[in-house]
Amino acid sequence: YVTYRGTDPVNYIVVLGGGYTFNPDWAPSSNLIGNSLPRVTEGVRLYLAHPGAKMVFTGAGGPHTLSNAATAARVAESLGVPNSDIVLLDRPMDTEQEASQVSKLVGQQPFILVTSANHLPR
């Protein structure tokens, strides 16, 4: 694998899903719980530092709710990320499926993975 150096160009900022709920009456960020909001805000920070990159959000949803990916994307949009720079991977149900879908999307292109430290061993 290749370690990211701060000056390297990146094409994607991949933000892995985490805890969330969905209530359309709440502010977008109020729907992200636990480690999810810090992941999204760090992803937006990195997005702003890398013009031209796309933000990728992962995470499925239940049958009667917005997906984790779409919920996180709403937060990013509320922070100024245009919808045209957002990619949703909202079918994966676990980390292994997320990794497979991200691999298919980015291939050998450079990307940054945003997750939580306790999630890295997966």
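Modeller: β1 and β4 (residues 111–114) pair in the parallel sense, over 4 bridges. Strands are DSSP E runs of at least two residues, helices H or I runs of at least four, numbered from the N terminus. Two strands pair if DSSP finds at least two bridges between them.

Biologist: Which residue is the bridge partner of Y12 in β4?

Modeller: F111. A caveat: this is a predicted model, where local features need pLDDT of at least 70, side-chain atom pairs count only at pLDDT 80 or more, and totals for chains, interfaces and linings use all residues. Residues are numbered from 1 along each chain as its sequence is written, and side-chain values use heavy atoms, leaving out hydrogens and water.

Biologist: How many bridges join β1 to β2?

Modeller: 4, and the two strands run parallel. V14 has V56 as its bridge partner in β2. Between β1 and β2 the chain passes through helix α1 (residues 36–49), a right-handed β-α-β crossover. Right-handed means that, with the strands pointing away from the viewer, the path from the first strand over the helix to the second runs clockwise.

Biologist: Are the β1 side chains Y12, I13, V14 and V15 buried or exposed?

Modeller: All buried, with Y12 and V14 on one side and I13 and V15 on the other. Buried is under 20% relative accessible area, exposed over 50%, partly exposed in between (1.4 Å probe, protein chains only). In a regular strand, side chains alternate between the two sheet faces.

Biologist: New topic. What pattern does the whole chain follow?

Modeller: β-α-β-α-β-α-β along the sequence. That comes with 3 helices and 4 strands. Of the 122 residues, 39% count as buried.
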